[in-house]
There are 2 protein chains.
Amino acid sequence: MSRILTIGAAQLGPIAPEESRASAVNRMIELLKQAGDRGCNFVVFPELALTTFFPRYYEEDISKMDRYYEREMPGPETRPLFEEASKRGIGFYLGYAELTPDGHRYNTAVLVDETGKVTGKYRKVHLPGHSEYEGQRPWQHLEKRYFEPGDLGFGVWRQHGGIIGMALCNDRRWPETYRVMSLKGAELIVLGYNTPDVNTSAFEPNHLRMFHNHLTMQANAYMNSCFVVGTAKAGVEDGCMLIGGSCIAQPSGEIVSLATTVEDELITSTIDLDLAKMGKETVFNYARHRRIEHYGIIASQTGVELPPELADAAE
Amino acid sequence: MSRILTIGAAQLGPIAPEESRASAVNRMIELLKQAGDRGCNFVVFPELALTTFFPRYYEEDISKMDRYYEREMPGPETRPLFEEASKRGIGFYLGYAELTPDGHRYNTAVLVDETGKVTGKYRKVHLPGHSEYEGQRPWQHLEKRYFEPGDLGFGVWRQHGGIIGMALCNDRRWPETYRVMSLKGAELIVLGYNTPDVNTSAFEPNHLRMFHNHLTMQANAYMNSCFVVGTAKAGVEDGCMLIGGSCIAQPSGEIVSLATTVEDELITSTIDLDLAKMGKETVFNYARHRRIEHYGIIASQTGVELPPELADAAE
């Protein structure tokens, strides 16, 4: 199978709280048509691509939010997207809120092959924000209320001639995300995000929001010698401005395609997955260079723990 | 103790193979004087700051390289540096080749407090390059020949009002380096480097060498919410061009001070270590957000291993 892919990041503009699934799906189908015309083999849609970013709203009774979740994928309302993609032979990544038959809630993404078959599922591991109402915020970020941490780990799948991994939004700020997948051979890591252009938890100059978005994806593309595709839901959603900046980063860490709007916008790049090999065989040849005897606490210790001699010392 | 420090990165220009320790030490003393005049509390010198970057030369008999190693720190030739620093009340970081009494060789750095006392030692964990002569390279990169991997792990020390960690050169490309130290509370990570401006192991456009230098330090400053100071040995050393770009990055990931030459040059920045707190308490509050149940292979698996279902599948 060819290792050369034309890949698209299908950024979405805002989705209003009352906007229907049918409308969101139609917008994505329009982007899929553009992707087909531009020769895309694979398209990356955003996180929670079917609804507004509902964790900004507080509900005491979580079940009142059920309308924002999908009980099956595809379901009646999302099937047209799968059909359009398979008609065009385009695989894709799609983020959505998942409500399982036994009542669990996850921030989820699926990987779909060029025949419209779901080949992989990822549930967001690094949930940002908080679980209870916080009155000092201009809006809420209640992902820890509406979702459980993902229980599937960081998988990878062989598809489109390469090894693909998935992540979601805040995962991109955590080096562990990429490292676990690249240790499994990932050559292409795809993710969607909804990122307000203001940090509501502490003062941070707003321009840093876009800087951090790109800095983390670029550096981790380089340090893991893989492609990273990040797709935003962008623009003013019910008064909350979300950054755009959807991009495709290559294993050098350079951005090779970048969105310029905060609206529905398709960016594409024709990439050679073999570009991931150079780093994996030289400077980031893990078997030659990694020293796991010194990494233990990364996987055994959750929070910060000062070494005993520091904890005891007077400052 | 004050949490506001004036910190310096004391970049060195090239050191010729025949240049004496006394000469290198005198150049560093000159930079220390400038640092004193500019109110510095702490100065970061490069990796292998006392000699030329000798791993570019092949010797079959390693003991023929003994002249490039230090048997004690400080020793007779380096003591003047320690005395000048303590006279001025400046602490520092210094990289050098270490030969232990029992014959082990490490690429080492020491942390020195404002009284001239060695308070910490780090031995480079991520040795780049190769151990045997490779004729296709324009020069060698024999760190795996002349050094053993560091056996001390990634320590941190309480000094200058904060928690300081150390790394060396290639360590800065590995996210594990910073993560282990930030899990121990590091607020300031200091490192020196010798980085040729050409990748001699594979084709890579030369401009990426500086891009990767800054990208990795900036992203890891942000992802670990700490300051990072990187100091180069720079310029044309025996025909090999080393990049400069010494810099001080703050926890936002932004570079707040940057060298402009490839010569002896002091850059400084007055930093407030409390700036590291915001990230550690919010988006990178590890105790709240890290999910170690999904990180296991980072510390248990050295090289890439495809999951069984991928390894078995035909491509």
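**Exercise 1.** How many residues does the contact take from chain B and from chain A?

*Solution.* The model is predicted: local features need pLDDT of at least 70, side-chain atom pairs count only at pLDDT 80 or more, and totals for chains, interfaces and linings use all residues. Residues are numbered from 1 along each chain as its sequence is written, chains are lettered from A in the order in which they are written, and side-chain values use heavy atoms, without hydrogens and water.

Step 1. With contact meaning heavy atoms within 4.5 Å, chain B gives 77 residues and chain A gives 77 residues.

Step 2. By class, the side of chain B that touches chain A has 37 nonpolar, 26 polar and 14 charged residues.

**Exercise 2.** State which residues form a salt bridge with a closest N and O distance of 2.6 Å.

*Solution.* Step 1. A salt bridge is a side-chain nitrogen of Lys or Arg within 4 Å of a carboxyl oxygen of Asp or Glu; the rule finds four across the interface of chain B and chain A.

Step 1. The pair at 2.6 Å is A:Glu176 with B:Arg179.

**Exercise 3.** Which residues line the largest cavity?

*Solution.* Step 1. A cavity is a set of points on a 1 Å grid over the protein atoms alone where a 1.4 Å probe fits but cannot get out, and lining residues have an atom within 4 Å of a point.

Step 1. The count comes to one cavity of 30 Å³ or more, and the largest has a volume of about 50 Å³.

Step 2. The lining consists of Pro175, Glu176, Arg179 and Ile298 from chain A and Pro175, Glu176, Arg179 and Ile298 from chain B.

Notes: Nonpolar A, V, L, I, M, F, W, Y, C, P; charged D, E, K, R; others polar. 1 Å grid on protein atoms, 1.4 Å probe; cavity = no way out; pocket = protein on both sides within 12 Å on 5 of 7 lines; lining within 4 Å. Points joined across faces, edges and corners; volume = space filled by probe spheres on them.
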